[in-house]
Amino acid sequence: MFHLKILNINTDLDLAAIQATVAAHPERHFSIQLSDYSFLDTKIKKLLKSKCGICISKKSDYSKGLIKEFITIGEESVVLIAKDFPEADLKIYLQKGASVIVELCDEFDVHQINNLVIKGQEKVFVIGTRLQEDHIKNILNLGGSVLLKRKDLGVRKINKLLPLGLSLIHISEPTRPRLIS
């Protein structure tokens with residue numbers, strides 16, 4: 001289990017600040033909310049090379065070719081926010097090596113989420129906020145990752161889930177990351 005932090009314009013203003021934050025905490029996993037910034041493609045590639053992930057939403061309006069370029073550099077550190085992406089495109093990006101964050105309210109039902117998990121395994125991060133404990137167990141059993149806030153489930157329930165996949169359960173910062181703007 002590791003702690004994930006999504007950086008955005010409110011936490012880090014520019015490329016230098018992001019790189020300083022990432023370098024100062026090599027044990028943490030960071031990604032930036034790409035829609036908060038107006039970085040040139042070259043700066044995005046520089047971030048990926050410095051081990052900082054990027055979160056891409058459909059609103060970012062990057063071409064499929066450019067997204068694939070980012071995936072070639074950053075692999076699973078390129079995280080696609082599932083909302084508004086067609087399921088077929090997400091499966092292609094997963095096959096290329098990207099990660100996906102999906103939530104039940106993202107116009108995906110439990111069956112579609114399970115299909116993404118089957119395709120991408122641990123590279124599919126399912127936000128557990130709206131899921132029942134049985135759905136979370138199923139996702140973990142399929143090899144998917146679950147992203148929880150500390151208040152999504154009680155400590156006892158989280159402890160019951162840990163044997164299903166300690167490395168598949170990710171706890172985010174207490175405030176919910178702004179994944180879609």
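Axes here are lines fitted to C-alpha atoms, for helices over the stretch in contact, and angles run from 0 to 180 degrees between N-to-C directions. Helices (H or I, at least four residues) and strands (E, at least two) are DSSP runs, numbered from the N terminus.

With that, the first pair. Helix α2, residues 41–49, and α3 pack at an angle of about 25°, and their axes are 9 Å apart. That makes α2 roughly parallel to α3, a label given to angles under 35 degrees, with over 145 counted as roughly antiparallel, 65 to 115 as roughly perpendicular and the rest as oblique. The crossing of α2 and α3 is right-handed, that is, the near helix is turned clockwise from the far one by less than a right angle, anticlockwise being left-handed.

Some background on the model. This is a predicted model, in which local features need pLDDT of at least 70 and side-chain atom pairs count only at pLDDT 80 or more, while totals for chains, interfaces and linings use all residues. Residues are numbered from 1 along each chain as its sequence is written, and side-chain values use heavy atoms, with hydrogens and water left out. The mean pLDDT (the predictor's confidence in each residue, from 0 to 100) of the protein chain is 85, and 92% of its residues reach 70 or more. Confidence is lowest in strand β1, residues 3–7, with a mean of 71, and highest in helix α3, residues 64–74, at 94.

Now the second pair. Helix α4, residues 87–96, packs with helix α5, residues 110–120, at about 20°, and the axes are 9 Å apart. That makes α4 roughly parallel to α5. This crossing, of α4 and α5, is right-handed. Which residues of α4 and α5 make the contact? On α4 they are E87, L90, K91, L94 and Q95, and on α5 they are Q112, N115, L116, K119 and G120, with contact meaning heavy atoms within 4.5 Å. By class there are 3 nonpolar, 4 polar and 3 charged residues (Ala, Val, Leu, Ile, Met, Phe, Trp, Tyr, Cys and Pro are nonpolar, Asp, Glu, Lys and Arg charged, and the others, Gly among them, polar).

Last, two backbone points. D61, in the loop between β3 (53–56) and α3, has phi near 60°, a positive value in a residue other than glycine. Q121, in the loop between α5 and β6 (124–127), also has a positive phi, near 50°. Are these residues buried or exposed? D61 is exposed, at 66% relative accessible area; Q121 is partly exposed, at 34%. Buried means under 20%, exposed over 50%, partly exposed in between, with a 1.4 Å probe and protein chains only.
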